[in-house]
Amino acid sequence: EMDAAVHAVLSYGIDGLVVSGSTYSAAGVESRIEHGEVTGAPVFEHSLETLKYVYEKSKGLIPIIISGGIMTPEQAQTMLDNGASLIEVHTGLAYEGPILIKKILKHLVAVDKQRNPDKYIKRKKK
């Protein structure tokens, strides 16, 4: 089904794809639930693997919005490093509140400064 979705997005000029989110089955989680969907931390690895799969199948040609299991700034960075164009935070926001967004943004800027220091060099005005 994922292959068909990626094919449709590429074939019909759809602007992007929301990938993952909650699941009814996540590795290592089945024994802890009986019915209903799983969200939050337990689905992070599932979401990451799904993201990697879709990114590879789409050859990076479509924007991917990843949702599912992002509870920390480091997890947000991991998703972006593995092909996500945007991240969507639900359960983490419910647990931490809006401060999580500030933490994620602060972390992303710090990592970007480390990876691209020349971008942050202040130039003297003439």
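Which residues does methionine 79 touch, once those up to four places away in sequence are not counted? Please keep that question in mind while I take you through this structure, which is a predicted model. The answer is a list that runs along much of what I want to show you: methionine 79 touches Phe44, Ser47, Leu48, Leu51, Ile66, Gly68, Ile70, Ala84 and Ile87.

Let me turn to the core. The largest nonpolar core has 18 residues, and Met79 is among those with the most contacts inside it, together with Leu17, Leu51 and Ile66. Two or more residues of this core come from each of α1 (2-12), β1 (17-20), α2 (44-58), β2 (64-67), α3 (73-81) and α5 (99-115), and it is α2 that gives the most, with 4 residues.

Now to the sheet. In general, strands of a sheet pair through backbone hydrogen bonds, and the pairing can be either parallel or antiparallel. Here 3 strands form an open sheet, in the order β1-β2-β3, and the pairing is parallel. The edge strands, β1 and β3 (86-88), each pair on one side only, while neighbouring strands are turned against each other by 30° on average, with direction ignored. If you look at β2 and β3, you will find 3 bridges joining them, and you can also see serine 67 standing opposite glutamate 88 in β3.

Technical notes
Residues numbered from 1 in each chain as written. Predicted model: local features only at pLDDT ≥ 70, side-chain atom pairs only at ≥ 80, totals over all residues. Heavy atoms only, no water. Core = buried A, V, L, I, M, F, W, Y, C linked by side-chain atoms within 4.5 Å. Buried < 20%, exposed > 50% of the residue type's maximum accessible area, 1.4 Å probe, protein only. Contact = heavy atoms within 4.5 Å. Pairing = 2+ DSSP bridges. Axes fitted to C-alpha atoms, helices over the stretch in contact; angles between N-to-C directions.
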